[in-house]
Amino acid sequence: MAATTQDDNPLLKDFDFPPFDAVEAKHVRPGIRGLLTKLEADLDELERTVEPSWPKLVEPLEKILDRLSVVWGIVNHLKSVKDNSDLRSAIEDVQPEKVKFQLRLGQSKPIYNAFRAIQESPDWNTLSDARKRIVETQIKEAVLNGVSLEDDKREQFNKIEQELERLSQKFEENVLDATKKFEKQITDKKEIEGLPATALGLAAQSAVSKGHENASAENGPWVITLDAPCFIAVMQHARNRSLREEVYRAYVTRASSGDLDNTDIINQILKLRLEKAKLLNYNNYAEVSMATKMATVDKAEELLEKLRKASWDAAVQDIEDLKEFAKSQGAAEADDLTHWDINFWSERLRESKYDINEEELRPFFSLPKVIDGLFNLAKTLFGIEIEAADGLAPVWNKDVRFFRVKDSVGSPIAYFYFDPYSRPSEKKQGAWMDEVVARSRVLSHDGISPRLPVAHMVCNQTPPVGDKPSLMTFREVETVFHEFGHALQHMLTKQDEGLVAGIRGIEWDAVELPSQFMENWCYHRETLMGIAKHFETGESLPEDVYLKLVAARTYRAGSLSLRQLRFATVDLELHTKYVPGGPESIYDVDRRVSEKTQVIPPLPEDRFLCSFSHIFAGGYAAGYYSYKWAEVLSADAFSAFEDAGLDDIKAVKETGCKFRETILALGGGKAPLEVFVQFRGREPTPDALLRHNGLLSAAA
């Protein structure tokens with residue numbers, strides 16, 4: 001087959017919306033290489049002509065940075081949602097070249113010196129907040145990118161960066177492959193007793209895709225996988241204790257053996273991160289991470305410990321309650337409840353205590369109704385209209401939706417893609433929001449109005465089975481609200497400086513504020529009642545069920561809080577005190593942390609770190625605490641609506657308008673603490689978070 005020429009490479013064409021339907025693995029090598037050649041020439045030109053002014057420095061720089069992030073973003077996105085071996089190897093080939101270019105750009109002395117000249121010039125105080133933030137951030141990032149290192153040190157630094165990038169790709173691939181590798185075929189219905197209809201439908205659908213074309217939810221065979229919807233269903237509902245044990249053990253040992261073993265990769269990553277920190281004159285990698293965050297290592301540790309103390313007794317009580325309940329149900333394992341029993345008995349106790357069965361609620365949460373309710377809420381709070389625009393932009397899978405966002409006078413202000421369902425063979429787990437393009441004056445299409453922002457929202461929820469729509473658990477509903485919160489901050493930005501528009505330039509530990517804020521609305525009566533309509537009969541969720549959902553909100557809050565605190569604490573420990581190659585292994589560190597964050601100690605063979613992608617293949621290294629840090633901010637922000645009165649529609653709209661004009665509008669153009677104070681009128685406190693979780697008395 002003849003190689004495609006540069007001219008017909010979709011990655012190199014100009015587009016309003018990325019050609020997701022046309023990009024294939026064969027386009028990646030020539031496309032990225034062609035792009036890098038062009039950007040290198042642009043960078044040469046910029047370095048040759050640079051002056052410390054906006055038109056001669058920031059505008060050409062933004063164009064270079066933007067083009068790279070948009071085009072690489074297409075390739076990276078396809079790897080997350082449509083992974084295949086050809087795409088993997090193409091990315092693996094060009095990644096070092098892309099990193100090399102980023103390092104050259106990040107370490108450019110002429111650019112760095114021009115930014116310093118702006119900062120030191122007499123005109124500094126005439127710059128807008130946003131422009132000052134851009135200059136300060138660029139200087140800080142250049143230093144963290146090694147701009148000030150001597151030549152041999154810089155070479156070492158660059159080697160480390162290349163290797164880290166390669167290791168994190170490999171880490172994520174191993175997790176995906178290990179997750180995919182586990183398959184358990186079941187033919188005897190007794191073995192999967194308790195599994196709800198949705199899970200049986202999913203397991204039969206998996207069996208069909210593995211070649212059992214006659215598999216059915218009724219009669220099997222069923223294939224159990226470690227994909228989230230299946231794994232969670234087994235842990236919560238399978239009566240067969242040995243099945244739960246087998247699946248749990250497989251899950252917590254993913255990517256920890258054989259040729260998919262991530263142990264060595266983790267050790268290398270931690271060793272290289274520490275070396276990088278030392279080169280930059282920091283004591284450890286956590287200090288490097290905190291250099292661009294709101295928190296400091298001490299403040300983050302202090303918050304985690306405060307929340308841990310408030311959660312511990314409640315978590316111990318949670319386990320006692322489960323033991324009591326299991327005993328009352330005559331369970332043989334009641335005295336020796338362990339990891340594969342906790343979720344199962346938690347569900348049974350939840351059903352008995354609140355008379356709520358997650359599965360029975362699914363028909364009330366069909367995706368089309370949830371989306372309608374979410375869009376109505378956005379209209380009430382922020383005065384925006386969202387309409388379907390399918391067909392306007394190319395997509396990568398037939399299930400992907402495309403939407404247009406309009407302001408109150410009907411002008412388009414943004415667009416977003418929504419890819420809702422789990423596709424275990426090609427899509428990575430979890431849910432995320434990402435930017436496709438950011439709002440920008442410099443990259444305007446017509447030279448007059450700014451380019452509009454475009455976002456990705458990706459989830460992994462239960463797909464439609466047969467002719468029924470996707471019927472969601474309440475947790476899946478919360479996830480959609482969460483990702484939509486991120487998307488709103490990206491899309492409703494009023495910031496025209498592209499480098500700090502939307503989610504760009506916002507400190508990482510503040511970035512979860514709008515997403516976690518949106519989750520609170522799932523418990524708001526009018527919002528929930530607007531969504532929860534039975535997909536066949538249209539009847540509303542019964543009032544008593546709504547009240548039970550609200551009551552159940554704080555169910556096991558201590559345990560769930562500790563789980564997040566274990567992740568956040570082990571992350572900080574590995575990036576502060578842990579010595580790579582020292583007497584303590586990474587698993588020793590995890591066990592030590594677990595003594596204070598897990599009521600039931602982890603299994604000796606627990607290797608959850610081997611699939612902890614957030615910190616080894618995502619952006620959360622020495623930053624997982626950000627979820628809790630931002631939860632403090634988001635709960636406090638929501639309490640502004642509670643103070644105004646959630647039933648007072650006028651007050652809700654006024655507060656919503658204020659939230660939109662501050663948190664959602666200012667992007668990275670102002671320090672997040674200042675933005676928060678502008679919205680809330682004071683600095684944040686953790687009280688609202690503890691109150692929402694029913695843990696206030698413990699803290700007091």
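The expected span of a helix is 1.5 Å times one less than its number of residues. The model discussed here is predicted.

Q: What span should the 12 residues of helix 4 have at 1.5 Å a residue, and how far apart are its end C-alpha atoms?
A: Helix 4 covers residues 109–120. At 1.5 Å a residue, its 12 residues should span 16 Å. The end C-alpha atoms agree with this expectation, as they are separated by 16 Å.

Q: Which helices do the buried residues of helix 4 pack against?
A: The residues in question include Tyr 112 and Phe 115, both buried. Their packing partners, taken for the buried residues of helix 4 together, are helix 1 (25–49), helix 2 (54–81), helix 3 (85–106) and helix 5 (129–144).

Q: Which domains does the domain assignment give, and what distance separates the centres of domain 1 and domain 2?
A: The assignment gives domain 1 (6–148), domain 2 (182–253) and domain 3 (362–552). Taken over C-alpha atoms, the centres of domain 1 and domain 2 are separated by 45 Å.

Q: Which residues is Phe 416 in contact with, leaving aside neighbours within four places in sequence?
A: Phe 416 is one of the residues with the most contacts inside the largest nonpolar core. Leaving aside neighbours within four places in sequence, its contacts are Phe 375, Ile 386, Arg 401, Phe 402, Phe 403, Val 405, Ala 455, Met 457, Phe 484 and Met 491.

Q: What helix and strand content does the span of the UniProt annotation "coiled-coil region" have?
A: The UniProt annotation, from an unreviewed entry, covers residues 150–181. The end C-alpha atoms of residues 150–181 lie 46 Å apart. The content of this span is 97% helix and 0% strand.

Q: Is Ser 626 buried or exposed, and what is its relative accessible area?
A: Ser 626 is placed in helix 23 (residues 626–644). Not counting residues up to four places away in sequence, Ser 626 touches Lys 293, Trp 508 and Asp 509. Buried means under 20% relative accessible area. Ser 626 is therefore buried, with a value of 1%.

Q: What distance separates the C-alpha atoms of Val 570 and Arg 591?
A: Val 570 lies in helix 20 (residues 557–576) and is buried, with a relative accessible area of 0%. Not counting residues up to four places away in sequence, Val 570 touches Val 589, Asp 590, Val 593, Phe 608, Leu 609 and Phe 612. Arg 591 is 21 residues from Val 570 along the chain, and their C-alpha atoms are separated by 9.0 Å.

Terms used. Residues numbered from 1 in each chain as written. Predicted model: local features only at pLDDT ≥ 70, side-chain atom pairs only at ≥ 80, totals over all residues. Heavy atoms only, no water. Core = buried A, V, L, I, M, F, W, Y, C linked by side-chain atoms within 4.5 Å. Buried < 20%, exposed > 50% of the residue type's maximum accessible area, 1.4 Å probe, protein only. Contact = heavy atoms within 4.5 Å. UniProt positions renumbered as here; feature names shortened; annotations may be inferred. Helix = DSSP H or I, 4+ residues; strand = E, 2+ residues; numbered from the N terminus. Domains from an automatic or database assignment.
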